[in-house]
Amino acid sequence: MGAQIRVYRQKISSTTSMRKIFKAMELIATSRIGKARTRVAASLPYANAITRAVSAVASQSEIDHPLTTEHTEVRRAAVLIMTSDRGLAGSYSASVLKQAESLLEMLRSEGKEVKSFLVGRKAQAYFDFRNRSYEKAWTGGTDAPEFATAREIGTALVDEFITGYEDGGVDEIHVVYMRFRSMVTQEPTVIRLLPLEVVEEETSNTSDLLPLYEYEPEPERVLDALLPRYIESRIFAALLQAAASELAARQRAMKSAGDNATELIKKYTRLRNTARQAEITQELSEIVAGADALSAS
Amino acid sequence: MASAELEVEIVAADHFVWSGPATMVKARTSEGEIGILPGHSPVLALLGEGELAIQPVSGERIVVAVDSGFFSVDSNRVVIVADNATIGDSVSAGNR
């Protein structure tokens with residue numbers, strides 16, 4: 001009987017220390033989430049300015065730029081998958097990977113070859129475990145992405161895109177990431193990065209007509225410089241949203257883990273008390289039985 | 001148009017740098033220097049590495065060090081988009 005009490009005690013103490021960890025992780029995620037959301041907001045002016053400029057250039061001048069023209073035949077596609085570096089974030093990475101899996105399925109069913117680019121150790125582990133090949137993986141710092149990382153990814157993807165199919169290049173590029181809608185809802189999202197679909201924002205406002213720009217130097221060179229930046233800013237925006245989503249998911253997961261731990265502690269405490277009471281009762285009845293036996297003899 | 005002033009906004013990749021009214025902006029493009037006064041025709045140009053100077057309506061001239069980027073001018077609105085931008089010293093934060 002004593003052994004059973006000891007087991008319950010051990011379980012209670014280990015669950016208590018786990019609960020402390022969950023609580024700490026929840027608090028850390030909560031404190032970082034504000035910062036992550038500020039960074040999302042801080043990147044908006046740049047993204048807006050660049051989107052506006054790209055829309056202006058793309059809408060006026062009928063420039064035949066390699067980045068804007070759709071390849072007539074899409075035979076190979078690249079997919080960039082953004083997951084987290086670390087786990088303990090509930091279904092965060094799993095749902096991104098699920099979304100990515102269905103995108104890959106769709107692309108393959110359309111007869112396209114797929115090249116995968118990964119962000120985050122979870123995606124890398126997922127691909128390694130299944131012995132799938134991927135082109136490149138960027139790991140480290142998914143919960144606080146740097147612009148330099150976005151630039152690196154952007155450069156790699158644009159390079160792939162510019163390279164012709166025959167030389168192993170791709171014809172379109174997709175990104176899968178977790179979009180941050182609010183603290184409680186994040187949804188896995190797929191966007192097509194290239195060929196460019198310039199996102200028109202608030203163009204319904206007629207006073208906000210795009211002006212006829214003069215270019216310096218030539219429009220082609222301006223586009224050359226603008227488009228990679230636009231791609232980078234889209235990727236950076238996606239990375240920042242993914243980071244905010246990761247933290248929100250981790251906070252939620254840790255909160256429910258902490259709650260479950262509390263429940264478990266309660267349950268084990270009850271069981272321990274029952275076991276202790278049973279032991280006392282048994283000892284008592286043994287003593288009584290012993291006394292009875294002595295007095296009877 | 002002559003009475004107007006420029007509405008200047010400087011943004012870097014991951015943060016907002018400065019905005020406010022100004023009477024003149026001097027920037028270095030990839031081709032050479034360009035000065036923008038109120039009423040300038042719309043321009044979209046690439047920034048060269050270097051410093052750009054802004055003369056705010058009130059207060060000291062502001063010098064911002066930028067590396068590559070671009071800027072656009074339309075109807076007295078100047079948007080400077082740089083990959084990295086740091087406001088030079090001797091300038092207090094300006095009116096944010």
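From the N terminus on, chain A runs α-α-β-α-β-α-β-α-β-β-β-α, which makes six helices and six strands. Its radius of gyration is 29 Å, well over the 19 Å that the globule rule gives for 297 residues, so chain A is more spread out than a compact globule. Welcome to this predicted model, in which chain A meets a partner, chain B. The points below go from overall form to single residues.

**Overall form of chain A**

- Along its principal axes, the C-alpha trace of chain A spans about 115 × 45 × 30 Å.
- Of the 297 residues in chain A, 32% count as buried.
- Among contacts in chain A with a separation of 6 or more, 79% join residues 24 or more positions apart.

**Two domains**

- Chain A is divided into domain 1, made of 2–20 + 254–292, and domain 2, made of 26–200 + 213–252.
- The centres of domain 1 of chain A and domain 2 of chain A, taken over C-alpha atoms, are separated by 51 Å.
- Where the domains touch, four residues of domain 1 of chain A are in contact with six residues of domain 2 of chain A.
- On the domain 1 side of that contact in chain A there are one nonpolar, two polar and one charged residue.

**Where chain A meets chain B**

- The contact between the chains takes 22 residues from chain A and 21 residues from chain B.
- On the chain A side, the elements that give two or more residues are α1 (2–42), α2 (44–60), β6 (214–216) and α6.
- Of these, α2(A) gives the most, with seven residues.
- By class, the chain A side of the contact has 18 nonpolar, one polar and three charged residues.

**The largest nonpolar core**

- In soluble globular proteins, nonpolar side chains tend to be buried together.
- The largest nonpolar core here has 94 residues, and those touching the most other members are L80(A), I81(A), M82(A), F71(B) and V81(B).
- Helix α6 of chain A, residues 219–296, brings the largest share of this core, 20 residues.
- Leaving aside neighbours within four places in sequence, I81(A) is in contact with V96(A), A100(A), S116(A), L118(A), V119(A), A123(A) and V176(A).

- Helix α4 of chain A covers residues 121–129, and R121(A), K122(A), A123(A) and Y126(A) are buried in it.
- An α-helix has 3.6 residues a turn, so residues three or four places apart point the same way.
- The buried residues of α4(A) pack against β1 (76–82), α3 (92–109) and β2 (113–119) of chain A.
- Just after α4(A) comes N131(A), which takes a positive phi of about 55°.

- A77(A) lies in strand β1 of chain A, while V114(A) is found in strand β2 of chain A.
- A77(A) is buried because 23 other C-beta atoms lie within 10 Å, and 20 or more are needed for that label.
- V114(A) has 17 C-beta neighbours inside 10 Å, so V114(A) counts as partly exposed.
- Not counting residues up to four places away in sequence, A77(A) touches L107(A), K112(A), V114(A), V170(A), D171(A), E172(A) and H174(A).
- With neighbours within four places in sequence left aside, the contacts of V114(A) are A77(A), V79(A), L104(A), L107(A) and R108(A).
- A77(A) and G169(A) are 92 residues apart in sequence, and 8.7 Å apart in space from C-alpha to C-alpha.
- V114(A) and L104(A) are 10 residues apart along the chain, with 7.1 Å between their C-alpha atoms.

- The mean pLDDT of chain A is 86, and 91% of its residues reach 70 or more.
- Over residues 201–207 of chain A the pLDDT is below 50, and this stretch has two contacts in the model beyond near neighbours in sequence.
- For chain B the mean pLDDT is 80, with 89% of residues reaching 70 or more.
- Residues 90–96 of chain B have pLDDT below 50, and beyond near neighbours in sequence this stretch has seven contacts in the model.
- Where pLDDT is low, the predicted coordinates should not be read in detail.
- For the complex, the predictor gives an ipTM of 0.74 and a pTM of 0.81.

Methods. Residues are numbered from 1 along each chain as its sequence is written. Chains are lettered from A and ligands numbered from 1 in the order in which they are written. Domain bounds come from an automatic or database domain assignment. Ala, Val, Leu, Ile, Met, Phe, Trp, Tyr, Cys and Pro count as nonpolar, Asp, Glu, Lys and Arg as charged, and the others, Gly among them, as polar. A nonpolar core is a set of buried Ala, Val, Leu, Ile, Met, Phe, Trp, Tyr and Cys residues joined through C-beta atoms within 7 Å. A residue is buried if 20 or more other C-beta atoms lie within 10 Å of its own, exposed if 12 or fewer, and partly exposed in between; C-beta atoms are placed from the backbone. Helices (H or I, at least four residues) and strands (E, at least two) are DSSP runs, numbered from the N terminus. The radius of gyration is taken over C-alpha atoms; the globule rule is 2.2 Å times the number of residues to the power 0.38. pLDDT is the predictor's confidence in each residue, from 0 to 100.
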